[in-house]
Amino acid sequence: MTRTTPPSIHPGQIGFDIDGVVADTMEAFIRIAREEHGVTVHPEQITAFQVEDCLDMDPAVVAEIFQRLLEDPLGAGLQLMPYAGRVLREFAGHAPLTFVTARPLAAPIAEWLRAMLGEEIHQQMRLIATGEHDDKTRHIKEMGIRYFVDDRAQTCLMLEEAGLSPIVFSQPWNRGRHHLPTVENWLAIRALCLPHDDLREAETP
Ligand SMILES: [Mg+2]
C-alpha cells in the first residue's frame, strides 16, 4: 500500500459507525438469508441502504434477519470487517474508541464489541446507540470528535452539512451517491491516522 499524504487524524478525533464499517453486517445478512431462509443474495445486489428496496425478498424475512442481528449479534455470528480488530486495538492504545450507531439497543452490540476487542478496550470505549440515523450529528458533536466513518451516504452528507468531516466506508450501497472522502478498507483508515512504520500487512486481520 502506498500512502501519498502523511497521517493527519489523531485516533482520538475519529469515531465509527458499527454496521457496515466495524461489523461485516452484509456477510451476516447474506449468510443467514442463505442458511436459514434458503435465499441467495450476492453482495453486488445490495445497492440500496434499505435492502428491501433492492432485493426481491420478503420484507418480513429481511426484518427478521435484521432483528436478529440487532438483538443477538454474537449468536448470529456477526464478524469484524477485515483488519478492523487489529486497527481498532492499535487506535485504542492512543485514545479511547468512539462508536455511534443508529441501532436502538446498545447492550447487545456493546457485548459484541467486548467479545471482539476485549474487556479493557470495552471498558474505555464510548458507545452511543441513537436509535435514529438522523440524530447522529448531535451525538458526534457532543462527543467532541470531528471525523466520522459511516457507510450510509445520507448520514455522511448530513454530517458534512453540520461542519463535521465524514469519511464514507465504501460499500455497494453508497457508491455514486456522494462526493465525499472515501476509504475502501481498514488499512486505509489506519493510514489516515498512524504512520506506516509499524504496519505489518502480512499479519492476519
Ligand atoms: Mg452503518
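**Helix, metal and salt bridges**

Student: Which residues in H4 are buried?
Tutor: Helices are DSSP runs of H or I with at least four residues, strands are E runs of at least two, and both are numbered from the N terminus. Buried means under 20% relative accessible area, exposed is over 50% and partly exposed is in between, using a 1.4 Å probe and protein chains only. On that basis, the buried residues of H4 are Pro108, Ile109, Ala110, Trp112, Leu113, Met116 and Leu117.

Student: Before we go on, what kind of model is this?
Tutor: Residues are numbered from 1 along each chain as its sequence is written, and side-chain values use heavy atoms, with hydrogens and water left out. Local features need pLDDT of at least 70, side-chain atom pairs count only at pLDDT 80 or more, and totals for chains, interfaces and linings use all residues, since this is a predicted model.

Student: What covers the buried residues of H4?
Tutor: Contact here means heavy atoms within 4.5 Å. By that rule the cover includes H2, H3, S2, helix H5 (119-124) and S3.

Student: Which residues have the most contacts inside the largest nonpolar core?
Tutor: A nonpolar core is a set of buried Ala, Val, Leu, Ile, Met, Phe, Trp, Tyr and Cys residues joined through side-chain atoms within 4.5 Å. The largest one has 53 residues, and those with the most contacts inside it are Phe16, Val22, Phe99, Trp112 and Trp186. Elements giving two or more residues to this core include strand S1 (14-16), helix H1 (25-37) and helix H4 (107-117).

Student: And what does tryptophan 186 contact?
Tutor: Leave aside its neighbours within four places in sequence. What remains for tryptophan 186 is Phe16, Val21, Val22, Met81, Pro82, Tyr83, Ala84, Val87, Leu88 and Phe169.

Student: Which residues coordinate the magnesium ion?
Tutor: Donors are N, O and S atoms within 2.8 Å of the metal (3.2 Å for Na, K and Ca), and water is not among the atoms, so sites may look incomplete. Along the chain, the donors follow the spacing D-x1-D-x131-D. At 2.0 to 2.1 Å, the magnesium ion is coordinated by Asp17 (OD), Asp19 (O) and Asp151 (OD).

Student: Which residue forms a salt bridge with aspartate 19?
Tutor: A salt bridge is a side-chain nitrogen of Lys or Arg within 4 Å of a carboxyl oxygen of Asp or Glu. For aspartate 19, the closest N and O atoms are 2.7 Å apart, and the partner is arginine 103.

Student: How many residues apart in sequence are the parts that aspartate 19 and arginine 103 tie together?
Tutor: Aspartate 19 is buried, and arginine 103 also counts as buried, at 6% relative accessibility. Aspartate 19 lies in the loop between S1 and H1, while arginine 103 lies in the loop between strand S2 (98-101) and H4, so the parts tied together are 84 residues apart.

Student: Are aspartate 150 and lysine 136 buried or exposed?
Tutor: Their side chains meet in a salt bridge (2.6 Å, N to O). Aspartate 150 is in strand S4 and lysine 136 is in helix H6, so the pair ties together parts 14 residues apart in sequence. Aspartate 150 has a relative accessible area of 1%, and lysine 136 has 1%, so the answer is buried.
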